[in-house]
Amino acid sequence: MFKHILIPTDGSPVSAKAVKAGLEFAKQSGAKVTGYYAVEPLPTHLYGEGYIADRQLITEFEKRHRSNARKHVAALARQAHKAGVRFQSLVQTARTPYEGIVEAAQKRNCDLILMASNGRRGLARITLGSVTDKVIQLSKVPVLVYR
């Protein structure tokens with residue numbers, strides 16, 4: 001059925017549940033998994049016009065963010081190995097997480113994206129938006145949402 005599943009993570013508890021379910025699904029279908037984490041660039045309002053930010057501070061922030069991303073994907077890799085699922089990791093900088101997820105799925109020739117939904121409703125959903133909604137809207141690859 002599915003041969004290559006992209007499982008994005010942000011390290012949250014909701015995402016961890018989707019990772020677990022995604023790995024089980026991959027194991028049952030014999031698919032390989034790409035674990036993905038989108039590293040967002042440092043917002044320009046933190047160092048742009050009118051603000052003073054030390055270049056070293058910016059570099060340190062970006063280094064820690066990327067290290068955190070690798071940590072979450074490494075945890076996913078350990079779980080995949082334990083489940084006997086073929087796995088590859090991908091940590092990359094993306095303008096937004098949803099753009100990164102869609103692009104990664106296309107470039108890696110994934111035939112499914114399996115991701116979590118935080119389940120926000122009402123004003124919180126409108127205000128905060130939903131990465132999952134954007135992925136569903138933009139992806140040409142099928143998206144399976146785990147709740």
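Q: What covers the buried residues of helix 2?
A: The cover includes strand 1, helix 1, strand 2 (32-39) and strand 3 (87-93). Helices (H or I, at least four residues) and strands (E, at least two) are DSSP runs, numbered from the N terminus. Covering goes by contact, meaning heavy atoms within 4.5 Å. One caution: this is a predicted model, where local features need pLDDT of at least 70 and side-chain atom pairs count only at pLDDT 80 or more, while totals for chains, interfaces and linings use all residues. Residues are numbered from 1 along each chain as its sequence is written, and side-chain values use heavy atoms, with hydrogens and water left out.

Q: Which residues in helix 2 are buried?
A: Ile58, His65, Ala69, His72, Val73, Leu76 and Ala80. Buried means under 20% relative accessible area, exposed over 50%, and partly exposed in between (1.4 Å probe, protein chains only).

Q: And how do helix 1 and helix 2 pack?
A: Their axes are 10 Å apart, at an angle of about 35 degrees. Axes here are lines fitted to C-alpha atoms, for helices over the stretch in contact, with angles from 0 to 180 degrees between N-to-C directions. Val19, Lys20, Leu23 and Lys27 of helix 1 meet Leu76, Gln79, Ala80 and Ala83 of helix 2.

Q: Switching topic: how many aromatic pairs does the structure hold?
A: One. The ring centres of Phe2 and Phe25 are 6.0 Å apart and the planes are at 50 degrees, so the pair is tilted. Rings of Phe, Tyr and Trp (its six-membered ring) pair if their centres lie within 6.5 Å; planes under 30 degrees apart count as stacked, over 60 as edge-to-face and the rest as tilted.

Q: Which parts does that pair tie together?
A: Phe2 is in the segment before strand 1 (4-8) and Phe25 is in helix 1 (residues 13-29), so the pair links parts 23 residues apart in sequence.

Q: Is Phe2 buried or exposed?
A: Phe2 counts as buried, at 19% relative accessibility. Phe25 is partly exposed, with a relative accessible area of 25%.

Q: What about Ile5, where is its place?
A: Ile5 is in strand 1, and at 0% relative accessibility Ile5 counts as buried. Leaving out residues up to four places away in sequence, Ile5 touches several others, including Phe25, Ala26, Val33 and Leu112.

Q: How many residues apart in sequence are Ile5 and Asp111?
A: They are 106 residues apart in sequence, but 6.2 Å apart in space, C-alpha to C-alpha.
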